[in-house]
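Dear colleague,

I am handing over the structure below for your own work. My notes on what was found follow it.

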There are 2 protein chains.
Amino acid sequence: MAEGRCLEAGERWTAPRKRVFELLLQAGAPVKAYDLIADYGHGQDRGVAKPPTIYRALDFLSGMGLVHRIPSLNAYVACAVDEAVHSASFLICDCCGSAEEFDPKVEPVVRAQAEHLGFRPTAMALEVRGLCRACA
Amino acid sequence: MAEGRCLEAGERWTAPRKRVFELLLQAGAPVKAYDLIADYGHGQDRGVAKPPTIYRALDFLSGMGLVHRIPSLNAYVACAVDEAVHSASFLICDCCGSAEEFDPKVEPVVRAQAEHLGFRPTAMALEVRGLCRACA
DNA sequence: GAAGTTATGTGATATTATAACGTCGCGTCA
DNA sequence: TGACGCGACGTTATAATATCACATAACTTC
Ligand SMILES: [Zn+2]
Ligand SMILES: [Zn+2]
Ligand SMILES: [Zn+2]
Ligand SMILES: [Zn+2]
């Protein structure tokens, strides 16, 4: 679980981190930062959140591998797998906006290609655009 | 050449399109939209350009396959190959900011994986982060 | 050259993200 | 316990990126 992984790493599981992660889990889809800001205080006695609060939480969660940023959407999504921090790949539906995390199993090949070109890879991100099963 | 490809397609090779493409070619590296805006008028008698001018040119050039957007950098780069519109992959150096277009040769595999999951792909983008040969 | 279409110019505004700085909470150690 | 140090948070402001809306200009076709 997220909190455990966080505490094991000696990091604090604070209210904003918890709340942002919770919102992303509930959404089960990519969410924009300003939607998180808007939804942050809905329900309970939580106060409002301003941009730095959300962006700091997102940075932290990304660093922990609990959340991925999808650059082409300017959106953030809870990680779908229980793994250490990893490079994520997504199938992004242009119709409904869903983003399914999947493993294309090409990392070793790509890494080899890159190194053959004199490049030393540290991470990679693959985004496949198209139509999901439901929208096709 | 870019102009030819454009005219063959029945599109106009206008001043903003030409100038923006020229700037990207000269840079030979990813350039941010607002840097294009700033540089647009440098030299000659060209006037100034405002955001819509640059973004429209970038949209057009992307559509023609002459320019790629690199989402994780919010930057744009002239295409390095003479091919019809295609999905581009980049080796992006975190040190010097260079972005080399390369062909990882994994498109068919990824496409098959995606389709096996019920997804119908239309395009894909791969970004590999790391250190280029010069910076390693 | 008049009409229809496409592209551009311009001002305003929307969206996304970060800077700067003070305060709070928590762990540490005298 | 209480002073300190450090990391996280709250708040205001602003930077950086991108789009809307509408008027004007250029090109195409007839
Ligand atoms: Zn993941
Ligand atoms: Zn869909
Ligand atoms: Zn290309
Ligand atoms: Zn480099």
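**Contacts with DNA strand D**

DNA strand D is surrounded by 17 residues, and the closest are A:Thr14, A:Lys50, A:Arg56, B:Lys32 and B:Arg69. Of the atoms of DNA strand D that come within 4 Å of the protein, 55% belong to sugar and phosphate. Please keep in mind that this is a predicted model.

Some side chains reach phosphate oxygens of DNA strand D. For A:Lys50, an N or O atom of the side chain is 2.7 Å from one. A polar side-chain atom of B:Tyr55 lies 3.0 Å from a phosphate oxygen, and one of A:Arg17 lies 3.4 Å from a phosphate oxygen. Two or more residues of the surface near DNA strand D come from each of helix H2 (15-27) and helix H4 (51-63) of chain A, and helix H4 (51-63) of chain B. By type, the residues of that surface are 7 nonpolar, 3 polar and 7 charged.

**Zinc sites**

In chain A, the zinc ion (ligand 1) is coordinated by A:His68 (NE2), A:Cys79 (SG), A:His86 (NE2) and A:Glu101 (OE) at 2.0 to 2.2 Å. The site is tetrahedral, with angles of 91 to 132° among its 4 donor atoms. Both A:Cys79 and A:His86 are buried.

The zinc ion (ligand 3) has B:His68 (NE2), B:Cys79 (SG), B:His86 (NE2) and B:Glu101 (OE) as protein donors, 2.0 to 2.2 Å away. Their spacing along the chain is H-x10-C-x6-H-x14-E. B:His68 lies in strand S2 (residues 67-70) of chain B and B:His86 in the loop between strand S3 (75-78) and strand S4 (89-93), so this pair ties together parts 18 residues apart in sequence. B:His68 and B:His86 are buried.

Regards

Conventions
Residues numbered from 1 in each chain as written. Chains lettered and ligands numbered in written order. Predicted model: local features only at pLDDT ≥ 70, side-chain atom pairs only at ≥ 80, totals over all residues. Heavy atoms only, no water. Donors = N, O, S within 2.8 Å, 3.2 Å for Na, K, Ca; no water. Tetrahedral: all angles 85-135°; square planar, octahedral: opposite > 155°, others 65-115°. Buried < 20%, exposed > 50% of the residue type's maximum accessible area, 1.4 Å probe, protein only. Helix = DSSP H or I, 4+ residues; strand = E, 2+ residues; numbered from the N terminus. Near = heavy atom within 4 Å. Polar contact = N/O pair within 3.5 Å; in protein donor to acceptor, adjacent residues only side chain to side chain. Nonpolar A, V, L, I, M, F, W, Y, C, P; charged D, E, K, R; others polar.
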